[in-house]
Amino acid sequence: MKKGDWFLIGGVALLAVASLAFWGLTRQEGAQVTVEVDGQEVASYPLSEDLSVEITGWNGGTNQLEIRGGVASVTGASCPDQLCVHQGEIRYSGQTIVCLPNRVVVTVEGGTEPEVDGVAG
């Protein structure tokens, strides 16, 4: 390998580390989860309260949503592939869990973003 190759590898590595640092410093914990079924919002739950609720999805399919300790997860589903169950926990604004067979989308929203005042906005 030549000297230029090492500079290229170092530059790419530095860019990757900077991107991860930026993402880690700017992500914000969400305040609530919203549940959509077939594109329609059907429920919203605060992440601050522990609960377990069954969501009736498209064509009668079901998903079990659990919120514990400020994180949400789908712990059970009637779909055959169970990908939504294996997606794990979500807690940061913008994170989602999707169950395509049941057409269920669980999204974390809100957070501690600073409010924009009249001068800045």
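Author: A nonpolar core is a set of buried Ala, Val, Leu, Ile, Met, Phe, Trp, Tyr and Cys residues joined through side-chain atoms within 4.5 Å. The model is predicted, and its largest nonpolar core has 22 residues.

Reader: Which residues have the most contacts inside this core?

Author: They are Val33, Val35, Tyr45, Leu65 and Val106. The elements β1 (32-37), β2 (40-46), β3, β4, β5 (71-77), β6 (96-99) and β7 (104-109) each give two or more residues to the core.

Reader: With which residues is Val33 in contact, leaving aside neighbours within four places in sequence?

Author: With that exclusion, the contacts of Val33 include Tyr45, Leu65 and Val106. Ala43, Ile67 and Ala72 are also among them.

Reader: What makes β3 and strand β4 a pair?

Author: Pairing requires at least two bridges; β3 and β4 have six, in the antiparallel sense, and therefore qualify as a pair. Within this arrangement, Ile55 stands opposite Asn63 in β4.

Reader: Why do β2 and β6 stand at the edges of the open sheet?

Author: The order of the four strands is β2-β1-β7-β6, with antiparallel pairing. β2 and β6 each have a single partner strand, so one side of each is left without a neighbour in the sheet. For β6 and β7, the pairing runs over four bridges, and the bridge partner of Ile97 is Val106 in β7.

Note on methods
Residues are numbered from 1 along each chain as its sequence is written. This is a predicted model: local features need pLDDT of at least 70, side-chain atom pairs count only at pLDDT 80 or more; totals for chains, interfaces and linings use all residues. Side-chain values use heavy atoms; hydrogens and water are left out. Buried means under 20% relative accessible area, exposed over 50%, partly exposed in between (1.4 Å probe, protein chains only). Contact means heavy atoms within 4.5 Å.
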